Amino acid sequence: MGRAFVYVILGGGVAAGYAALEFVKRGVSSGELCIISDEPFAPYERPALSKGYLLPEAPVRLPSFHTCVGAHEERLAPKWYKEHGIELVLGTRVKSADVRRKTLLTATGETISYKFLIIATGAQALKLEEFGVSGSDAENICYMRDLADANRIVDVIHSSTDGNAVVIGGGYIGMECAASLVINKINVTMVFPEVHCMPRLFTPKIAAYYEEYYMAKGVNFIKGNVLSSFGIDFNGKVTAVVLRDGTRLPADMVIVGIGIRPNTSLFEGQLTLEKGGIKVNGMMQTSNSYVYAVGDVAAFPVKLFGEIRRLEHVDSARKSARHAVSAIMEPEKTGEFDYLPFFYSRVFAFSWQFYGDNAGEAIHFGDFSGSKFGAFWVCKSHLVGSFLEGGTKEEYEAIARATSLKPTIEDAAELGRLGVDFALAVCQKSVPAPPQPSEAVSGPCVILERPVYVWHVTAGVIVAASVAAFALWYGKKRRRW
Ligand SMILES: Cc1cc2nc3c(=O)[nH]c(=O)nc-3n(C[C@H](O)[C@H](O)[C@H](O)COP(=O)(O)OP(=O)(O)OC[C@H]3O[C@@H](n4cnc5c(N)ncnc54)[C@H](O)[C@@H]3O)c2cc1C
């Protein structure tokens, strides 16, 4: 038994939804495209799960956050797929793949063949068992990767009102879930081994800002410590979390956010892997030319870093998916994926955005006792990364654009004094980008097609020099005032 499609997307998450929209925009015919997902839902915006989905009042629910609302595009409810003749094979796990024969075998025993395959299998949450701690199956221990996890958290929250939660892990899942638990009137203790929260991105100064706010909201931080075991009652429910140093924390619920592992296993031994993901070229094409990989599972060349990276961010999933579709359907018109990494989070009333790379020296700016501040990262005398909390749309666009131009930074102290004004000055001084041939594939200022990129680098060098001069003049002028 089997079916055949021209295009198959394996995985039905964020990247799948954006790829489907791009296929339709580029004129895919009815019956040519199939999406296979082990989740029983049409693709949805995963970031909503740890934010609006957990709110006690007016929480978001499907169908309101199906892709592609996160990028202010059409909301693709199941009906949309039907109307466009896209086969949604939901609640169906693919258990093996044969890239030589171009077939996928589902857990229901069906063989689905393809001409082109897009792997969009994303990642799975790391389990405590992988770190030698058992108990993950207790009903009040929760992970947060998919809608089923989010529903479980909502149920456990409802039975834990005014109770105690322990959040294991200080990354974005831990931070966002902790904020949601506080809003649900649950007492939260966060436990992580590092010296501050969000250690992969935040500087100690940025982390201190958010941690102070969390503490003012009643969150207790236990740093430099790890989970050792659970206290479990007769019903198999966790009642306490025991840490390595013997500390015992009462717990009505536990949320574990200790990282993710890309879902590559179906392709190990068949495709080249790198950085824990499936290696692709600038067209999102794997070592097999009929197979593409996008989103969290793909390791792709990031020009800004000059190396292959695997990103775990929604923007990268959306744009890499569109790029793969463009590369499949219009290869001659598609340049290499030229992506400026972008990551954001929203907790409580905070909202920050980060662009680029947090390599080199961090230069802080803004008012750390107020609500607008940030940091630039300068590596080898170039601006390579920007973080901003509390910015306006214009300011976020400015830091994105400034980061993509990589201007030369000669005076770090001046950069810190200017802060966002530096980025705004870069944008004002820079020549507007020429119209991009594939705007749908490349978001403004953020992804540039190759010829445009080359043009920009040249312009960037000129701009950088004039910006430096302007910034110096502007900085002095401001100081005089
Ligand atoms: C709770 C949460 C909050 C987040 N918040 C943010 C944020 O604020 N900002 C940000 O930048 N990023 C955020 N992210 C990250 C972002 O959601 C991911 O980068 C994005 O979802 C990756 O998209 P993807 O399509 O590659 O993978 P996914 O969206 O994970 O989709 C993968 C899909 O493939 C399916 N699948 C896997 N294996 C198989 C198989 N063998 N057979 C069938 N189906 C399979 C999965 O079930 C899933 O449906 C968040 C992630 C989570 C979990």
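The shell around the ligand takes at least three residues from each of domain 1 (2-124 + 261-333) and domain 2 (128-258), with domain bounds coming from an automatic or database domain assignment. Keep in mind that this is a predicted model: local features need pLDDT of at least 70, side-chain atom pairs count only at pLDDT 80 or more, and totals for chains, interfaces and linings use all residues. Numbering starts from 1 along each chain as its sequence is written.

So who sits around the ligand? There are 36 surrounding residues, and the closest are Gly11, Gly13, Ala15, Gly122 and Gly295; a residue is near if its C-beta atom, placed from the backbone, lies within 6 Å. By class, the shell has 17 nonpolar, 11 polar and eight charged residues. Here Ala, Val, Leu, Ile, Met, Phe, Trp, Tyr, Cys and Pro count as nonpolar, Asp, Glu, Lys and Arg as charged, and the others, Gly among them, as polar. Helix H1 (14-25), helix H6 (314-329) and strand S22 (342-347) each give the shell at least two residues. Helices (H or I, at least four residues) and strands (E, at least two) are DSSP runs, numbered from the N terminus.

H1 and H6 also meet each other. Their axes come within 8 Å and cross at roughly 35°, where axes are lines fitted to C-alpha atoms, for helices over the stretch in contact, and angles run from 0 to 180 degrees between N-to-C directions. On the H1 side, Val14, Ala15, Tyr18, Ala19, Glu22 and Phe23 take part, and their H6 counterparts include Val314, Ala317 and Arg318; contact means C-beta atoms, placed from the backbone, within 7 Å. This contact has 10 nonpolar, two polar and three charged residues.

Now for the sheets. Strand S10 (residues 187-192) runs parallel to S11, joined by four bridges, and Met190 has Phe221 of S11 as its bridge partner.

Another open sheet has three strands in the order S12-S13-S14, this time with antiparallel pairing. Its edge strands are S12 (227-232) and S14 (248-250), each pairing on one side only. Neighbouring strands here are turned by 25° against each other on average, direction ignored. Strand S13 (residues 238-243) pairs with S14 over three bridges, with Pro250 in S14 as the bridge partner of Ala240.

Definitions and conventions
Two strands pair if DSSP finds at least two bridges between them. Two residues are in contact if their C-beta atoms, placed from the backbone, lie within 7 Å.
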